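Here are a few exercises to work through with the model open beside you. Try each task before you read its solution.

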Amino acid sequence: MTISSCLANVERVIVGEDASLQKNERKARIRKQLLEPKPSPSSYDTAWVSMVPLPGFSQTPCFPQCVEWILQNQNSDGSWGLSQMDSMVNKDLLSSTLACVLALKRWNVGREHISKGLCFIRRNFSIVMDEQTVAPIGFNITFPGMLSLAIGMGLEFSVRQADVDAILHLQEMELKRVARTNSHGKEAYMAYVAEGLGNLQNWNEVMKFQRKNGSLFNSPSTTAAALIYIYDDKALQYLNLLVNKFGGSVPTMYPANAYCQLSMVDSLEKIGIARHFSREIKSILEITYSAWLQRDEEIMLDVATCAMAFRLLRMNGYDVSLDELCHVDEASSFHDSLQGYLDDTKSILELYKASKVTVSENEFILDNIGNWSGSLLTEKLSSDRVPKSSPILGEVEHALKFPFYAIPERLDHKRNIEHFDARGSQMLKTEHLPCCVNQDLLALAVEDFTFSQFIYQDELMHLESWVKENRLDQLQFARQKLTYCYLSAAATVFPPELSGARLSWAKNSVLVTVADDFFDVGGSKEELENLVALVEKWDEHFEDDFHSEQVKIIFYAIYTTVNQLGAMATAVQNRDVKNHMIELWLQLLRSMKTEAEWRMRRYVPTIEEYTANAFVSFTLGPVVLIAFYLVGPKLSGCAVEDQDYNELYRLTSTCGRLLNDIQGFERESSEGKLDSVSLHLVHSDGSMSIEAAKESIRKSIASCRKNLLRLVLKEDNVVPRPCRELLWKMSQICHFFYSHTDAFTSPIEMVSSVNAVIHEPLRLQINYPSLPAQSEK
């Protein structure tokens, strides 16, 4: 049975006819949310908007539809706000409920609603003082402020006066704490939570933070509070726009399209299903790029949105200036912003991730951001300021441990799916759900990954048969690395439909490993020369040309595999590309022969000689460049001859070779072999230590990686983007295999990764009833 027919059969087994329809409906909901984000309603903000009086008529609500929404949306337990999945009461619910009670009391409506709301607050009054419960931003100012306002209105909570006094004291303590600092960030914070201060606030000072759209911080509650105390036409226009757009309720932040859409794009990429929404993502990035060039406030005034936009735009080939991040290139300047004053983990994490997308040696702004944000994130992991159960801490730990350039995509996808926060809430002044289709995202990702694993398992079985058919398992000198070779393919060329490219990658990985071992330890000088000569002859070889049986096995494995792949690639490319595949193999074998001759002659090459030969002998030519022909896009002969094509190949291979040299130095030295580390030592005449040599090479690796990413992202390139991305993904594999040890040589180091990508089913951290069950194998 062919791989393609098996793929179709497996899809029928997993998905089924009914489930296929459900999958399409799920995709439709995701597309709709992508293009038209629908924020969750905020009871807290709606309450404050409802308290704005009609200009000139202090006893008439300006937005009666908001008052009606409050009356219609009280929860059965008497609260207002987003219901919790675990039925736990939190400070957000208390804050939202108190705000709604105030709003109804302000207009003397909903007496029964008020009574139920007060009962809910009374039952849960102790939570206000619980320091272990997550609180909305500014809670210690806004809740005591609203409590004081409620008491002034004559509302009774039927709790001990000592408890009321303790809560009112929270505001005093918070104001004293805030007074100890003097920064723009502090002023912004005090303005942002101004509704909690009422007449204590200087509202003219607050209005200095008004944005072009008329709002204060894009916050309906802050803007509404300002309108209660000081009339402003632009602020009123902003609230009118919101109420007309959303009906009776308003969200806790508006506009927030940029943040919501970019967050969704980021999630789609992180869990491996972005390819299903490529058209929508392209549209979003085009709009975001236009807004970036116009320095739109929605992006530029929010640190997390700005950093995320920079990273996603750059990684998708857009030319974005570093200048828009220069205002946070130092920790001190970040702390002078509202997000910095709040010590917002999400903002710091986004800045850290943006700092890693470097494409040259001179991007000092990103280097600075990476240094201070990395330090702050490391501190957060060891402090008690963020609850250990918070999903964001897991994200922080993962980002610090695995930079995006050092983890294979499919392995990253699995981790992100298993730790996916299906609720996906964000705590501002109230809880906010930026994306209301997170469960659809998770369900689609689970289906996609599970389906892929069936394909991977079938392909691995095919490869095991291929190894035996070609008698490669009979070569005693050769390392048996089939599963590692296939891991590198499945973890990078992961979409199920790219089976041809994946099998090409895996088969050539096995063959180059055999050839490497043959030239390293398995063959004599005559056998090595014989193999090279046979490949040079190709179709013109004869049965009596083989110097030994192992030469015959190796040659025929290469010969038959390349011919088969050549036929497949020719069909895809509509031109004969087999000769180029043969040439790639010849280049590799000749470079291996050169290294073998150096070793036999005890010749010590210069570092330049070694590097020029080593990037070819690192074996990536047959593995990746042949796979180029099978990923879909047409690759012209001119592209193959282009300088960018060769430079992409050179940078990837050099990066991998140097990483391998650092980890393999001790083993290679004990066997009397030379590599870049030992050559640095030899040519320094003893003036360089081993660690100094390794550090010099690490700098070269970083330089190669940055230049590689620059070329991968370069849009005016004759090499198609999917082909360029394959080389970047191979670089990720090299970093993954060789960042800490020589994992490829180790018999056990990568076993868990093989199992994770190919064999082990997903194990979600939280079970959701709407998701398909995962069967154990």
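**Exercise 1. An aromatic cluster**

Which residues form one aromatic cluster? Then describe the pair of Tyr484 and Phe737.

Solution. A word on the ground rules: this is a predicted model, where local features need pLDDT of at least 70 and side-chain atom pairs count only at pLDDT 80 or more, while totals for chains, interfaces and linings use all residues. Residues are numbered from 1 along each chain as its sequence is written, and side-chain values use heavy atoms, leaving out hydrogens and water.

Step 1: the cluster is made of Tyr484, Phe618, Phe736, Phe737, Tyr738 and Phe744. Rings of Phe, Tyr and Trp (its six-membered ring) pair if their centres lie within 6.5 Å; planes under 30 degrees apart are stacked, over 60 edge-to-face, and the rest tilted.

Step 2: the structure holds 31 aromatic pairs. In the one formed by Tyr484 and Phe737, the centres sit 6.4 Å apart with 35° between the planes, making the pair tilted.

Step 3: Tyr484 belongs to helix H24 (residues 482-490) and Phe737 to helix H35 (residues 721-738), so the pair links distant parts of the chain, 253 residues apart. Helices here are DSSP runs of H or I with at least four residues, strands are runs of E with at least two, and both are numbered from the N terminus.

Step 4: check the burial. Tyr484 and Phe737 are both buried (buried is under 20% relative accessible area, exposed over 50%, partly exposed in between, with a 1.4 Å probe and protein chains only).

**Exercise 2. A glutamine in H35**

Is Gln732 buried or exposed, and what is Gln732 in contact with?

Solution. Step 1: Gln732 is found in helix H35. With a relative accessible area of 5%, Gln732 is buried.

Step 1: set aside the neighbours within four places in sequence, and Gln732 is in contact with Phe404, Tyr405, Ala406, Ile407 and Glu409 (contact is heavy atoms within 4.5 Å).

**Exercise 3. A covered helix**

How many residues of helix H9 are buried, and what covers them?

Solution. Step 1: H9 (residues 184-192) is mostly covered, with 7 of its 9 residues buried. Among them are Lys186 and Tyr189.

Step 1: the cover includes helix H7 (139-152), helix H8 (161-179) and helix H11 (220-229).
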